[in-house]
Amino acid sequence: MAEAYDPSVIEPKWQEYWEANKTFRAPDRAARSERPKKYVLDMFPYPSGAGLHVGHPEGYTATDIVCRFERMRGTDVLHPMGWDAFGLPAEQHAIKTGTHPRSTTLKNIDNFRRQLKMLGFSYDWDREVDTTDPGYVRWTQWIFLRLFERGLAFQQSNMPVNWCPALGTVLANDEVTADGRSEVGGFPVEKLKIRQWSLKITAYADRLLDGLEKLDWPETKAKQAHWIGRSEGANVDFEVEGHPGAKITVFTTRVDTLPGATYVVLAPEHALALAIATPERAAEVKRYAEEANAKSDVVRSDATRAKTGVPTGAFAVNPINGDKIPVWVADYVIGSYGTGAVMAVPAHDERDHAFAVKYALPILRVVARADGAEVDVDRQAFCDDGVANDAAVARSEAPIAKGTPSEGVRRAVTDWLAAAGKGSSKITYKLRDWVFSRQRYWGEPFPIYFPVTADGDPRRPGTKYEIHYDQPIPLDERELPLLLPDLEDFKPGSDPAGPLARALDWRFFERDGKWFARETNTMPQWAGSCWYYLRFLDPKNTERGWSPEAYDAWMPVDLYVGGSEHAVLHLLYARFWHKVLFDLGLVKHEEPFQKLVHQGLILGEVEHIVFHEAIAVPGARAKREGEQWIDAETGARLTDRRMRKTDLEERGGAFYLREADVPVLTTPDGEHFAFYAASETLVSAERAKERDDGSFEDAKTKKTLVTRKVTEADITKRGAHFTLNDSPETQVLSQAFKMSKSRGNVVNPDVLIKSHGADALRLYEMFMGPLEAVKPWQTSGIEGVRRFLDRAWNVSTANVTDDPAAYDVETQRLVHKTIKKVTEDIQALRFNTAISAMMILVKHLGGLRAVPVAAARALALVLSPFAPHVGEELWQRLGGETTLAYEPWPAFDPALVKDDVIEIGVQVNGKARASIQIPADADEAAAKAVALEEPKIKDLTAGKAIKKVIFVKGRILNLIVG
């Protein structure tokens, strides 16, 4: 009896072999440049304390399959791995535990590395990089100095930013949730004006947009184009009545609708908002502006949010017709976007229409449908292009003829505004310069310092000093890297200078009798990830970030795989840095990543959820027990929800829920939490609506709902939905959610590898569905893949023969078809169908009396990229003397993969009626003859004339009868 397949023995054995022999070390291409190359890159991970969950290896497995396949095809492969290790999570962990972020980071890296090696990924570990390593920081700072020299890194004073007091740092817009909280920790975010470093990415807007055209990328190109947001339009100047010299400039892409503008809206932070407000309105405008300032740009620009605003009491003059139209202030207009002002044409803009209806402002139609159909703009805005109507002509001093298409009106109005000195054509971008400062400890220090005027040693208490931030001085390259000082207290504070400002001996230094101060902001986590793909080329180089020879050997990146959450910013920022390096002559391609693939999200297992009406419980009764909140009086399980102040009412220093008049729990940090128990009243799932913060409400009553998980035994499928057995009228929400520690649905790969093996986990993740698809995890599914590996092992070890007679033609055909299918599917990244083909082959081999050794060896080779440990072991047992990592990929014989007999469908009068088998080279007459002998076709055509025959060779036969 053959030895059983035991991954716990096989997998460590081959992992040790690969490491000891440096099997996957990228070759020196200086002497082998005539060979094809493949640079395959994973988006390197942030090494969190939680380690990998089963969603992480999906993309890594896909790239590993490609790399192993390419090596066997004679390609030189570079497949590196490293760590994006600066950032907020490590710093927050350090603050909570008192452990230095460096210690935490190194510990997490060790765990991630262990897990990746345990999965058998063929990385060149000699090229491992860590963005926090001094040798890496040196070159990140060196690139920043290049940006500084070219004027692309600059300071902005009093810049409005997203400030998170709890984290003590500025956050990018994508680091702020839709309800105005930090993604890390969920803390409130407010607007603050502080000194910031920024990178002039806007100078590269057109090149970033144009460069997308030739890239083999998915829908990410459209997302980046939208983020850049190039718009062709016009600037229009509105004078303000009663304020000589005051001018409101708006940008619009629909200047053809200017005759229909009925009001103007200013951002609350616009310089004129308070200046032009009438005395009666000034206090209201000031209050509204202060409230808006506390909201993030993400919240304010949310298209689904109800729009609010206040009138200034002032009136603007429409330049095209002299109409005096009211000026409002509204927080959906952002001061840092465009001019901070918009002209409102409610008849032809949905947002303006909703605002106009809410505040009873005029709606005037000036664009008609080109087909003449009527449009009721009082009910709904008409936003498409059309033609100028009578109102457009009557309300415009510009020469507009009735019936002129919108594009023609835009040209005419723009030309008229320019001639009258009231506007001009303009190209604008949504893209904003990249805010590059963070007021935290765990990040790269800026290689910048400033002169200091002091009446003594500025490090001593009481010494008066002034830092001249307007005179930044770059650090000499010989002093790089500038490293972080060791701090015992990393806590953020209210001082926007950041925690590094407390490291006085590091911050201040004396040179030639003069005092200087280092920059105490640090770079964002994005900095290290902007160029890591270049450091992988030459990670040990101490003279350069990478050598020209290494660049020529491997660049550009041929395949880049990672999560779609990085579709915009990481990729946009990396492309920007690369283009700057291109302009400096340091790289030779304008684009770094040729082909991009986003692996789909792997969700947790499907959960079945029942909804109950919630009963609000006073916060004082909430008691923490482990990870759960309990009602101290009743013992009932409670659901907690972080509340916004707008949902609360303050009375006597305490806060109460508006919806239930129940006191909430207020933490020392000023956070408010409501607690709910489940009532006995059930709410059917179709009425449950998820809020922005993840809680649920009844779509009818708007009351809060709490959830309860049930098992499959508690529910029954009725029609398209599951319902509760005990309450058949109550629908259940059956859904898979994103894996997260808070949901408790994270699956640890360590556990699965221990029970089923790494090869089984790799295969299952690829077998779940197309690489790009979102897929729910199902632990039971891995058992089927493990059984396939057992069968593959058994057919390759139990009864293998080298007798040529055993290798019959049918088996040869299937082996060669499998080789062809797997080859083509790997090239197309269709891994799930490649595995299906191998399963068919294994089933066939299992039905043979003896398995031909040639078939078994072919199976080991094609299986090895997917399940490398078992592939290596089978290869060795089948006579291989060393690793199969560089064995030639098996070729298929075209003659053997060509079918002699094929199956095609037969239609009668266009309807599919049967299938027939015919010779692969059969012509129309032969196919028709076979079809007419098929009983179903015979019955349908009996006594009828065949008027026409439509035959597509190899695909279909359609008989038209009458």
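Tutor: Helices here are DSSP runs of H or I with at least four residues, numbered from the N terminus. Please note also that this is a predicted model.

Student: How far apart are the end C-alpha atoms of helix 22?

Tutor: They are 27 Å apart. The helix has 19 residues, 809–827, and at 1.5 Å a residue these should span 27 Å, so the two values agree.

Student: Which residues of helix 22 are buried?

Tutor: Among them are L814, V815, H816, I819 and D825. The cover over the buried residues includes helix 2 (57–72) and helix 23 (831–846), as well as helix 24 (853–863) and helix 26 (894–897).

Student: Changing topic: what is the strand order in the open sheet of four strands?

Tutor: The order is 44-43-46-45, with mixed pairing. Strand 44 (911–919) and strand 45 (946–952) are at the edges; each has a single partner strand, so one side of each lacks a neighbour in the sheet. On average, neighbouring strands are turned by 20° against each other, direction ignored.

Student: How many bridges join strand 45 to strand 46?

Tutor: Six, and the two strands run antiparallel. K948, for instance, has I960 in strand 46 as its bridge partner.

Student: Which helix lies across strand 43, strand 44, strand 45 and strand 46?

Tutor: Helix 27 (residues 924–931), which runs at about 115° to strand 44.

Technical notes: Residues numbered from 1 in each chain as written. Predicted model: local features only at pLDDT ≥ 70, side-chain atom pairs only at ≥ 80, totals over all residues. Heavy atoms only, no water. Pairing = 2+ DSSP bridges. Axes fitted to C-alpha atoms, helices over the stretch in contact; angles between N-to-C directions. Contact = heavy atoms within 4.5 Å. Expected span 1.5 Å × (residues − 1). Buried < 20%, exposed > 50% of the residue type's maximum accessible area, 1.4 Å probe, protein only.
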